[in-house]
Every structure is written in C-alpha cells, then in structure tokens.
Amino acid sequence: MTHRLSVAGLRCGRGERALFAPLDFVADDGDIVRISGTNGAGKSTLLHTLAGLLSPISGTIDWCPDANEAVPSLGLIEHQNALSQVLSPVENLTLLSRLAHPASRIDQATIVDTLETLGLRRLAHQPTHTLSAGQKRRVTLARLWLIAPRVWLLDEPVAALDSAARRRVSQRITRLAGGGSVIVYTTHERMGLGDTRCVALD
Amino acid sequence: MRRVFWAVFRRELAIAGRQRGALVHQLLFFVLIVALFPLGTNTDQTVLIAVAPAVLWMGVLLSVLLSLNGVFRADHEDGTLTQYLLAGEPLAVIALAKMIVHWLASAALLVVAGPVLMLMLGVSLDAWPAMILTLALGTPTLVFVGAIAAALTLRLPRAGLLLGLLVLPLYVPVLIFGAGVVRAAIVGLPYAGAVYIMAALCVLAITLGPWAIAAALRIGLDA
C-alpha cells in the first residue's frame, strides 16, 4: 500500500551539517503527526524540507499526489504570519487564499465570517500592524478554515494564542484530519490533539 | 495564472498606495541630486547643458538602485515570500506583477520629473521627447535587471552596498544609450538607432527578467 507521505533516511539542515539523526516515518490520510524536539532540533527545517523549500542532505521524501488536481497539495503555516503590516486582515487573506486556490472564488464575506469565528470581526478591516501578536496569529490561522489542501504543515500553530482560541484551532485541526487531511505539526504547548503518529528529532 | 497575477498586482498596489511617503522620498532624492549638482560646478550655461544628460541619468540610476534595496525585503521578513514559493503558479508571474507595480510606484515618477529637471539645468525644450522616451524605455530595464541582484542578495544582511556593486556595472548600457540619445537631441543629431537599442533592452529585461528573478529568489532561500 502506498502512503500519502513516506520519508526514508531523511537528514536535513541548512548547509552541510545535518540537524538530526536519519528519520523514517510514513503518514496516511487522516493522520496527525506531531514532530517533537528541543529548540534548535530542526523542527522548522524539517517542515521546510517536507514542503520542498530546502533540499534534503540525504534520504528521500515521497508525496503521493492527489487524484483531484484542483486540491492544492500542501499548505504551510510558519512562525512568520505571512501578513503585510500595512494591509488589513481581509486583504491579506484574500491574497493567501487566492495563491492556494487560483480558480475558486473565496469572497470577502467568507473571509469576514471566518474572522468572526476567531473573534476578529471588529478588526477585519484595520491595518494589520494595529493587531496584537495573538490576533495576528489568529488571522494567519484563519487559513485553516479558508484553504483546504491535502496536507497541512503547521509550525507552532498556537504560539501566542489564548486558551479559547487554542481550543478552537485544535478542534479545527481534528476536524480537518477527520476529513482526510494529513496534519504535520510542531508544538511546545499542550494542544490536546489525538496524535496518531509522533516523530522525535534527536 | 492570470488570477494570481492580478491578486499580487492589487496587493502590491494597495501596499504602495499606503506607503506614499517612500515614493515622495525617492522623488526628492532624485531632485536633490540634480539640484545640488550645479552648486558644485560653475553655473556657466554651456557647461551645465553639456553635463545635463549625464547628471540626470546618474540621478535616475541611483534612485532606482535605492528603491530596489527593499523590494523583496518586507515579503521575505513577514513570510509572504515562502507562500509565493509554495504557490502552484510560476514564481515568475508573481515577480512580474511585483515589478510592474514597483515601476509604476517609483520609476514612473522619475519619467515625469526628469524632463522638468532638465529644463532647470537650462536644456532647451527640443530635447524633451528624447528625454521622456529614453526614461520610459530605460527605467523598466533598470528595475527588472536590478531586481535580479536584489533577489540574489536578499538573504545577506546590509546588502545595500553590495547591491550597488553588482548592479551599477550592469546599468552601463542604459546609461550610455540614455545619456547619448539626450546629448544627440540637444545638438540636433539623429538618435533613432540608439532608441531602438534601448527598446530592445527593455523588452528583453521585461520578458526574461521575471524568470531570472524567480530563479534568484529560489537560490536565495535554499541556503
């Protein structure tokens, strides 16, 4: 049986030096994969390598593509929020969702509704630089509701979030996995996700 | 592909519209370079007219260079660039949209300001068409060529000086033809040939530049 993602003997790092021992794991549709490791263990580098932004030092990464080509294969939420400070949350999310789904129309009303579920209705049209760190994080996490890729790579998704928002994001991630998405995430917080696989970096 | 192009185009235009201060700074920089020059030389009309094309074009070169320093920096720092790299569409399309807006928002002002400053230096109105034409053809070339180097030096801290060292030698053809055409127009010589060469350079930069910018951005991130 082919897996959605299979990683064999993967070593990655920036430059020549590998950050962790060779890694082997697989993930199938609906899996929630937690990547754990200390600060500097290479969690973000691993996510970047899985996303294809960095080339691995050695080893292989095999993605099984989706039969439906309209489904974007991959979404990545990094430490940086990918929000322009001078634009409003709605403007920022319009671009981000258009990049992921060029063909579909994600209109402004949908984006505002999503922001409302995250408690940001009032700030939807304010410049992003007026938002607090946690609010900015919530804006960028609104992508979890707007974009539906086959695989989500999440780097510390709930950093800076309060407990209510954290719970809502955890529920959303569980629902996405229930719908067949693969979730690969890193966290130092308690998120209460039913991890189906764990990968430790050392 | 077109949808992504317009989405990036609108986003960049909105950002440029909200950072109008930066545009004014660039224009003032250009005006100051040209306005200070006569103070450093004697104000003899013949001397000024002889050097006016060179002064104007050097001003344009330096203003464009300054504006390019930050062209990808904000996107890189806030993580938008990573999302561009992951988008299913060619990165060159995104680069093209970004650079067109960058030209509209910064260099287009120089095309308007250049001829006005030329009058200030005492050059006759006869040379106006040549000045406007060469600026309109030359500034896109400068923007697209310079952006390749800006993309390459993106990951380096304080790359401003290095960017100048990389880019200014590449600007030599535009400087030679641009200033040459204006000089020819001032003394009444035909200049069509040089304008055609500038047009060719401009087309080349706009069509091939985005691909080179995209490649440079990818190289910069995988390091």
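The following conversation goes through a predicted model, chain by chain and contact by contact.

Reader: Over how many bridges does strand 1 pair with strand 2 in chain A?

Author: Strand 1 (residues 5-11) of chain A pairs with strand 2 of chain A over 4 bridges, in the antiparallel sense. To find an example in the structure, look at Val7(A), whose bridge partner in strand 2 of chain A is Phe25(A).

Reader: And over how many bridges do strand 1 and strand 4 of chain A pair?

Author: Those two are joined over 5 bridges, again in the antiparallel sense. Here Leu5(A) has Trp63(A) of strand 4 of chain A opposite.

Reader: How many residues of strand 4 of chain A are buried?

Author: Of its 6 residues, the number buried is 0, so strand 4 of chain A lies largely in the open.

Reader: Now the other sheet. What is the order of its 5 strands?

Author: That open sheet of chain A runs 5-6-7-3-8, with parallel pairing. Its edge strands are strand 5 and strand 8 (197-200) of chain A, each of which pairs on one side only.

Reader: Which residue stands opposite Gly75(A)?

Author: Trp152(A), in strand 6 of chain A, stands opposite Gly75(A). Strand 5 of chain A and strand 6 (residues 151-155) of chain A pair over 4 bridges in the parallel sense.

Reader: Let us turn to Ala109(A). Is it buried or exposed?

Author: Ala109(A) is exposed, because 8 other C-beta atoms lie within 10 Å, and a residue counts as exposed at 12 or fewer. Ala109(A) belongs to helix 3 (residues 108-117) of chain A.

Reader: How many residues does each chain bring to the contact between A and B?

Author: Chain A brings 21 residues and chain B brings 21 residues. On the side of chain A, strand 5 (74-77) and helix 2 (89-100) are the elements that give two or more residues. Helix 2 of chain A gives the most, with 5 residues. The residues on the chain A side divide into 14 nonpolar, 4 polar and 3 charged.

Reader: Last topic: chain B. At what angle do helix 3 and helix 6 cross?

Author: The axes of helix 3 (residues 45-68) of chain B and helix 6 (residues 91-120) of chain B cross at roughly 160° and come within 11 Å. The two helices are therefore roughly antiparallel to each other, since angles over 145 degrees count as such. The crossing is right-handed.

Reader: Which residues meet there?

Author: From helix 3 of chain B, they include Ala52(B), Leu56(B) and Val60(B); from helix 6 of chain B, they include Ser106(B), Ala107(B) and Leu110(B). The residues of this contact divide into 8 nonpolar, 4 polar and no charged.

Methods: Residues are numbered from 1 along each chain as its sequence is written. Chains are lettered from A and ligands numbered from 1 in the order in which they are written. This is a predicted model: local features need pLDDT of at least 70, side-chain atom pairs count only at pLDDT 80 or more; totals for chains, interfaces and linings use all residues. Axes are lines fitted to C-alpha atoms, for helices over the stretch in contact, and angles run from 0 to 180 degrees between N-to-C directions. Angles under 35 degrees count as roughly parallel, over 145 as roughly antiparallel, 65 to 115 as roughly perpendicular and the rest as oblique. A crossing is left-handed if the near helix is turned anticlockwise from the far one by less than a right angle, and right-handed if clockwise. Two residues are in contact if their C-beta atoms, placed from the backbone, lie within 7 Å. Ala, Val, Leu, Ile, Met, Phe, Trp, Tyr, Cys and Pro count as nonpolar, Asp, Glu, Lys and Arg as charged, and the others, Gly among them, as polar. A residue is buried if 20 or more other C-beta atoms lie within 10 Å of its own, exposed if 12 or fewer, and partly exposed in between; C-beta atoms are placed from the backbone. Two strands pair if DSSP finds at least two bridges between them.
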